[in-house]
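Hello,

Here is the structure I promised to pass on to you. Have it open while you read, and take your time finding each spot.

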Amino acid sequence: MRTVAFSMAGIPGLFILLVLLCVFMQVSPYTIPWKPTWPAYRLPVVLPQSTLNLAKADFDAKAKLEVSSSCGPQCHKGTPLPTYEEAKQYLSYETLYANGSRTETRVGIYILSNGEGRARGRDSEATGRSRRKRQIYGYDGRFSIFGKDFLLNYPFSTSVKLSTGCTGTLVAEKHVLTAAHCIHDGKTYVKGTQKLRVGFLKPKYKDGAGGDNSSISAMPDKMKFQWIRVKRTHVPKGWIKGNANDIGMDYDYALLELKKPHKRQFMKIGVSPPAKQLPGGRIHFSGYDNDRPGNLVYRFCDVKDETYDLLYQQCDAQPGASGSGVYVRMWKRPQQKWERKIIGIFSGHQWVDMNGSPQDFNVAVRITPLKYAQICYWIKGNYLDCREG
């Protein structure tokens with residue numbers, strides 16, 4: 001450490017104090033910058049206890065690119081905690097295989113943290129009010145991403161399109177995270193789920209042309225989707241047993257396993273920190289909004305409110321963006337590096353009656369410690385690999 005010598009004669013006392021503090025603490029915007037840091041959590045363990053064979057699935061539901069609810073932040077905040085048995089029921093899950101067969105897996109939960117896995121009561125604030133179809137708040141703040149130099153590079157390359165019309169995010173070598181309502185309406189699977197595919201945007205070359213970035217930017221149809229079939233899907237029973245007006249909204253997530261590795265960089269999942277700990281209080285996500293066909297659309301915005309399971313924000317979005325991975329970039333202290341992680345799954349639009357004043361939000365499901373443990377186990381198959389969120 002460098003030694004600094006100086007004379008204190010004739011220097012005002014306050015100035016001396018400031019100099020001593022600066023020298024002792026080495027105050028510098030370059031040496032001790034404030035860094036939003038990924039917090040450490042004591043993670044629970046979610047393990048399979050038994051598996052039951054179910055009848056083959058029906059695929060009768062109409063695909064919906066968004067899910068709406070009138071139960072707002074106060075409605076969700078005012079509901080009681082679940083019992084241990086209820087939490088196990090909500091985190092048990094259904095697995096759908098490519099041949100149409102299904103299983104139900106019941107789970108056990110260990111080291112259950114206080115306040116984890118909140119259940120939600122029925123909507124006491126529903127008004128039956130008609131909803132606006134648009135999800136744009138004032139000036140449209142979305143950015144269409146063009147050019148293979150952006151689309152094929154991280155983090156935009158982690159966004160993929162589902163054949164049912166939603167968006168998903170690559171979270172492992174063969175796994176995609178998305179919204180449950182993109183494949184299941186709470187009662188049955190949506191049409192097309194049995195032959196579900198995931199689309200990867202790639203350059204489209206014709207007659208040896210198309211390598212110029214400027215031409216791709218001017219003509220976004222120079223990109224095409226390459227599709228990979230899905231081997232199996234996992235959906236939590238909290239979604240299947242619920243609906244958008246009770247606990248179901250908290251469990252609007254699903255994991256897809258591909259039939260073969262995608263060979264792209266993926267984004268890890270992480271436990272969602274409180275909104276006040278997010279860098280700038282903002283979240284980011286990219287999706288395939290249906291009003292911009294074939295385009296990947298990026299956006300970011302401030303979080304307006306939160307419950308234990310949901311983030312309320314007004315990011316501009318349209319149907320088709322559902323299932324996008326909501327992420328932030330924070331400092332990872334053990335590795336001394338910046339890292340982006342998915343902390344939620346964009347669900348869709350909610351119309352909320354707040355004390356008689358109608359407001360609408362776009363909602364994302366937060367990855368809580370229990371959900372992290374569940375999703376990580378789906379990916380890894382070993383709880384020992386799921387101890388860091």
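Below is what turned up, going from the disulfides to a strand and then to some details of the backbone. Please keep in mind that this is a predicted model.

Let's begin with the cysteines. How many disulfides does a search of the whole structure find? The search finds three.

One of them joins C166 to C182, with an S to S distance of 2.2 Å. C166 sits in the loop between strand 5 and strand 6, while C182 sits in the loop between strand 7 and strand 8, so this pair ties together parts that are 16 residues apart in sequence. Both cysteines are buried. The torsion about their S-S bond is about -90°, so this disulfide is left-handed.

Another disulfide links C301 and C315, S to S 2.0 Å. Here the torsion is about -100°, so this disulfide is left-handed. C301 belongs to strand 12 and C315 to the loop between strand 13 and strand 14, so the bond ties together parts 14 residues apart in sequence. Are these two cysteines buried or exposed? Buried means under 20% relative accessible area. C301 has 12%, so it counts as buried, and C315 is buried with 1%.

C376 and C386 also form a disulfide, with their sulfur atoms 2.1 Å apart. C376 is in helix 7 and C386 is in the segment after helix 7, ten residues apart. C376 counts as buried because its relative accessibility is 5%, and C386 counts as buried at 5%.

Next, please look at strand 2, residues 93-97. Four of its five residues are buried, so the strand is largely enclosed by the rest of the structure. Strand 2 runs antiparallel to strand 3, and four bridges join them; L96 has R102 as its bridge partner there. Four residues lie between the strands of this hairpin, and G100 takes a positive phi near 95°. Strand 2 also runs antiparallel to strand 9, joined to it by five bridges, and Y97 stands opposite R232 in strand 9.

Finally, some backbone details. Which kind of peptide bond joins Y154 and P155? It is a cis peptide bond, with omega about 5°. P155 lies in the loop between helix 4 and strand 5.

K263, which is not a glycine, has a positive phi near 65°. This residue is in the loop between strand 10 and strand 11, and it is exposed because its relative accessible area is 78%, where exposed means over 50%. Q336, also not a glycine, has a positive phi near 55° and lies in the loop between strand 14 and strand 15.

Happy exploring!

Notes: Residues numbered from 1 in each chain as written. Predicted model: local features only at pLDDT ≥ 70, side-chain atom pairs only at ≥ 80, totals over all residues. Heavy atoms only, no water. Helix = DSSP H or I, 4+ residues; strand = E, 2+ residues; numbered from the N terminus. Buried < 20%, exposed > 50% of the residue type's maximum accessible area, 1.4 Å probe, protein only. Pairing = 2+ DSSP bridges. Disulfide = S-S within 2.5 Å.
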